[in-house]
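Okay, thanks for having me, everyone. Let me put the model up and then walk you through a few charged pairs and the core.

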Amino acid sequence: MRPVLAGIVGLLLLTGCAGRFPADPEGTLDRVEGGVLRVGVSAHSPWTEVAPDGAPTGLEVDLVTEFAESLDADVEWTASGEEDLMAQLDRSELDLVIGGLTAASPWAEHSALTYPYTTVPGADGAPQAHVMAAPMGENAFLVALETFLLEHKDVQP
């Protein structure tokens with residue numbers, strides 16, 4: 001009886017490993033790959049700028065565009081203020097928020113901040129580590145993004 005029970009337990013463990021690890025409870029990475037990456041952008045030059053027609057430009061915009069291309073995804077941009085964008089991220093209406101965010105961001109409690117992809121001197125000369133904000137718990141998406149950012153780290157303005 002023990003060998004049969006051990007076999008059943010082993011089968012259940014293997015079945016549980018059949019999915020992607022780490023996993024995204026909301027399926028963000030699966031939805032974005034070959035689909036659309038929904039990105040919120042707030043103006044913070046030189047990292048991000050928003051033209052009057054809503055078209056974003058800047059260092060982070062270029063990074064996100066390249067990340068989307070690596071996933072065979074189109075980018076849908078939403079320009080707004082940080083507070084509004086973070087609320088949309090929290091409601092799963094956005095997949096990513098950019099805008100010159102730093103590791104000291106007050107939004108760390110409301111989002112998953114990436115590993116810093118660059119560090120530059122701030123206005124006071126102290127080092128500022130720059131990050132992007134993703135939805136909390138979407139770990140496969142976050143790992144894919146951070147892997148990309150590590151390959152493109154030390155972007156400088």
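So, when I say salt bridge, I mean a side-chain nitrogen of Lys or Arg within 4 Å of a carboxyl oxygen of Asp or Glu. Quick caveat: this is a predicted model, where local features need pLDDT of at least 70 and side-chain atom pairs count only at pLDDT 80 or more, while totals for chains, interfaces and linings use all residues. Residues are numbered from 1 along each chain as its sequence is written, and side-chain values use heavy atoms, with hydrogens and water left out.

Okay, D95. D95 pairs with R38, with the closest N and O atoms 2.8 Å apart, and with R31 at 2.3 Å, N to O. That gives a salt-bridge network of R31, R38 and D95. Is D95 buried or exposed? Buried, at 1% relative accessible area; the cut-offs are under 20% for buried, over 50% for exposed and partly exposed in between, using a 1.4 Å probe and protein chains only. R38 is buried too, at 19%, whereas R31 is partly exposed at 35%.

Now the core, meaning buried Ala, Val, Leu, Ile, Met, Phe, Trp, Tyr and Cys residues joined through side-chain atoms within 4.5 Å. The largest one has 27 residues, and L37, I98 and M132 have the most contacts inside it. There's also a second, separate core of 10 residues, including L85 and V131.
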